[in-house]
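Please keep the sequence and the coordinates at hand while reading.

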Amino acid sequence: ANTGSIGGGFFGIYLGQTNVNDGLTNSGSISGNLHGIYLTGSTTLSGGLFNSGSIAGRTAVQIVSGSQLSGGLTNSGLIGGVNYGINVTSNLVGGIHNLNGGTLTGGVAVTASGVTIGLQNNTAGTIVGAINGLVNVSNSGLVALQSAYNGTTYAGSPVAATITGNFAQASSGTLQVAVNGVSGSGTTSGNYSQLNVSSTASFAANSNLSIVMSSGAAVIGGQT
């Protein structure tokens with residue numbers, strides 16, 4: 001368990017060709033210029049990854065081909081990457097659970113290309129950035145399809161999410177999209193956030209859609 005600060009030039013924590021059986025718990029800070037936590041080779045991390053502190057890097061958590069995290073990834077702190085929050089190109093057993101108070105953020109907050117993973121965002125959880133790839137999303141909190149940097153979410157900063165899976169939003173959930181433009185140009189493709197879902201997209205009654213514009217003139221009355 002880490003309760004202090006772990007930092008490195010390239011990696012905060014690097015696990016390669018090894019087995020860890022008791023999980024990894026962080027309530028402090030873990031950071032690297034490239035990756036906060038990096039699993040590679042034939043590494044198996046069993047027992048889960050639990051974060052209530054902060055994990056940061058160009059990619060905060062990277063799980064690459066041949067490695068495996070079992071026991072899930074549970075976050076009630078901050079997992080933030082410049083490019084990616086969580087990037088899974090291998091196997092993550094048990095899915096991602098973003099608990100109340102947890103924030104996942106990055107240009108792409110979560111992406112998976114190895115196997116399909118589950119992503120559960122609790123009522124007071126926040127995800128900022130795109131969600132891409134083999135992911136089944138269950139949203140009860142806030143999913144903001146916007147860009148963020150150093151903890152600041154920018155209003156007129158649309159991103160496109162492409163989910164090869166399902167997106168289900170509960171009545172307590174909010175999908176927040178960004179619109180960027182002037183004199184009505186916010187309706188031009190590329191100037192607004194997009195959620196593309198290959199399978200089923202469902203929104204419970206009374207769930208929320210929030211639109212954040214770069215300016216009051218990004219969309220003009222009567223436009224669609």
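Strands are DSSP runs of E with at least two residues, and they are numbered from the N terminus. The model described here is predicted, and every value below is computed from it.

N206 lies in the loop that joins β23 (201-203) to β24, and its phi is positive, at about 70 degrees, although N206 is not a glycine. Q17 is found in the loop between β2 and β3 (19-20), and Q17 likewise is not a glycine but has a positive phi, of about 55 degrees. Because exposed means a relative accessible area over 50%, N206 at 70% relative accessibility counts as exposed, and Q17, with a relative accessible area of 61%, is exposed as well.

| Residue | Relative accessibility | Class |
|---|---|---|
| Q17 | 61% | exposed |
| N206 | 70% | exposed |
| Y14 | 46% | partly exposed |
| Y38 | 17% | buried |

How many aromatic pairs does a search of the whole structure find? The search finds five aromatic pairs. In one of them, the ring centres of Y14 and Y38 are 5.6 Å apart and the ring planes stand at 25 degrees, so the pair is stacked, given that planes under 30 degrees apart count as stacked. Of the two partners, Y38 counts as buried at 17% relative accessibility, whereas Y14 counts as partly exposed at 46%. Both tyrosines also belong to one aromatic cluster, which is formed by F10, F11, Y14 and Y38.

A separate topic is the second largest pocket, whose volume is about 160 Å³. Its lining is made up of L145, V177, V179, Y192, S193, Q194, L195, L209 and I211. Three strands, β21 (174-179), β22 (194-197) and β24 (208-213), each supply at least two residues of this lining. What is the division of the lining residues into nonpolar, polar and charged? Seven of the residues are nonpolar and two are polar, while no charged residue is present in the lining of this pocket.

Methods:
Residues are numbered from 1 along each chain as its sequence is written. This is a predicted model: local features need pLDDT of at least 70, side-chain atom pairs count only at pLDDT 80 or more; totals for chains, interfaces and linings use all residues. Side-chain values use heavy atoms; hydrogens and water are left out. Rings of Phe, Tyr and Trp (its six-membered ring) pair if their centres lie within 6.5 Å; planes under 30 degrees apart count as stacked, over 60 as edge-to-face and the rest as tilted. Buried means under 20% relative accessible area, exposed over 50%, partly exposed in between (1.4 Å probe, protein chains only). On a 1 Å grid over the protein atoms alone, a cavity is a set of points where a 1.4 Å probe fits but cannot get out, and a pocket is an open set with protein on both sides within 12 Å along at least five of seven lines; lining residues have an atom within 4 Å of a point. Grid points are joined across faces, edges and corners, and a volume is the space filled by probe spheres set on the points. Helices (H or I, at least four residues) and strands (E, at least two) are DSSP runs, numbered from the N terminus. Ala, Val, Leu, Ile, Met, Phe, Trp, Tyr, Cys and Pro count as nonpolar, Asp, Glu, Lys and Arg as charged, and the others, Gly among them, as polar.
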